[in-house]
Amino acid sequence: MRKLVIAAAAAFLAGGCSHQEKPSDPLAPSGRTERTENLLQSLKAQGDSGVYMFGHHDDTVYGIGWEADYQNDSTVGTKSDVGSVCHDLPAVLSFDLGRIELGGDKNLDGVPFDRLRKEIIHHFDRGGMVTLSWHADNPLSGGTAWVADSLKDVETRTVAAVLEGGEQHDKFVGWLDTVAEFLNSLVTPYGARVPVVLRPWHEHTGSWFWWGQEHCTAEQYKALWKLTADRLKERGVVNALYAYSPGTESDGDAAKYMERYPGDDIIDILGLDTYCSAPDADTAKVAAYARNLDKHLTMIETVAKEHGKALALTETGYEGIKTRDWWTQTLAPVLAKHPVSYVVVWRNARERPSHHYAPYPGHDSASDFVRFYNLPSTLFLKDVNGLYLK
């Protein structure tokens, strides 16, 4: 291994089992699989150990100037912008389930769901973790997850429409069933159901999604979460942890952050989605991002301890990464102050080369990312292989 994870945590996380020793998939008293519960305990222990896993959205399916050959299974998990820079893959892979509810074969970014399934199973089998977002289309308007100005009168009725008694309830329950079917299909050849972190209804403190702050009441939002968790459980999903991930609209106020919290019986991970918005390498704005991130993580750290939850930076990044030392001089110093279990940066869009959040070969920040990779606190796939999920 490239780094030595704290011995006590490593021993606990490993659990003393290999694939051959533990081919079955027993359930824990919670009703979830033991592997899923072990993942949750691992995330909590890891946050207290001073290390965190690095993650990247859609890392192994496309990047700057390339896209995976989806017809060739031998290419699963073999190409990555991150891997091309530091010769290791992220410990955490993030993917999106958007459009699965429509019954199509590809998600909203054009990646076949069959390929996502194979990537998830393959990454788990190498010891990595997977987190899934779900940008579900609007079941009332027929539009995307994002709010359209021309449909704002519809957006404000959408959450109410999918709840019990609403005009789109039956359709939406069917949508949840398609998600459940996919999660239930994440099974390795040796019978293990792959644990995943599911992160629907995120950034709800803003209003750019149909489930956002201005489009439903707090009680309706909580009911949306309960409907989601209850239906997935009814459909036999036993391999999902749930992450709550508001944006920074709370301004560091715990009461505002928790205003729409679905409850300790549903949520496992307290997260945060926030981005560095600094065009043209504006150093003042980069510094402001770091201060804001520190303020919010300080607040969420306190709340997470009070509620016994893991803490994660569920989405972040700097589009274009316009400062060469952003990784070691902006992001890492803030994360070093907080018990964050993992951090995920957003995707490197092959259709929009300027829309990237991880380095690729030749990028100005690539050398600094290698320094970030070599920090004792950052964990990549080679660091966690065999320790965390088996």
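Helices (H or I, at least four residues) and strands (E, at least two) are DSSP runs, numbered from the N terminus. The structure is a predicted model, in which local features need pLDDT of at least 70 and side-chain atom pairs count only at pLDDT 80 or more, whereas totals for chains, interfaces and linings use all residues. Residues are numbered from 1 along each chain as its sequence is written, and side-chain values use heavy atoms, with hydrogens and water left out.

Two residues other than glycine were examined for their backbone angles. Most residues other than glycine have a negative phi. Glu203, which is located in the loop between strand 6 (196–200) and helix 7, has a positive phi of about 50 degrees. Because its relative accessibility is 11%, Glu203 counts as buried; the term buried denotes under 20% relative accessible area, exposed over 50%, and partly exposed the range in between (1.4 Å probe, protein chains only). A positive phi, near 60 degrees, is also found at Asp280, in the loop between strand 8 (269–270) and helix 9. Asp280 is exposed, its relative accessible area being 73%.

Strand 1 (residues 52–57) is largely enclosed by the rest of the structure, since six of its six residues are buried. Its pairing was assigned by the criterion that DSSP finds at least two bridges between two strands. Strand 1 pairs in the parallel sense with strand 11 (residues 342–345) over four bridges, and His56 stands opposite Val345 of strand 11. Strand 4 (residues 92–96) also runs parallel to strand 1, to which three bridges join it; here the bridge partner of His56 is Leu93. A further parallel pairing, over two bridges, links strand 1 to strand 12 (residues 378–379), with Thr378 as the bridge partner of Tyr52.

Helix 10 (residues 326–335) is mostly covered, eight of its ten residues being buried. Among these buried residues are Trp326, Trp327, Leu331 and Leu335. The buried residues of helix 10 pack against strand 1, helix 9 (283–307), strand 10 (313–316), strand 11 and helix 11.

Two packed helices are described by the angle between their axes and the distance between the axes. Axes are lines fitted to C-alpha atoms, for helices over the stretch in contact, and angles run from 0 to 180 degrees between N-to-C directions. Helix 10 packs with helix 11 (residues 366–373) at an angle of about 45 degrees, and their axes are 8 Å apart. Helix 10 is therefore oblique to helix 11 (angles under 35 degrees count as roughly parallel, over 145 as roughly antiparallel, 65 to 115 as roughly perpendicular and the rest as oblique). The contact (heavy atoms within 4.5 Å) is made by Trp326, Trp327, Thr328, Leu331 and Ala332 of helix 10 with Asp368, Phe369, Arg371 and Phe372 of helix 11. It comprises six nonpolar, one polar and two charged residues, where Ala, Val, Leu, Ile, Met, Phe, Trp, Tyr, Cys and Pro count as nonpolar, Asp, Glu, Lys and Arg as charged, and the others, Gly among them, as polar.

Helix 5 (residues 152–162) and helix 7 (residues 218–234) likewise pack at an angle of about 45 degrees, with their axes 9 Å apart, and are therefore oblique to each other. In this pair, Val159, Ala160 and Val162 of helix 5 meet Gln220, Leu224 and Leu227 of helix 7. The residues of this contact divide into five nonpolar, one polar and no charged.
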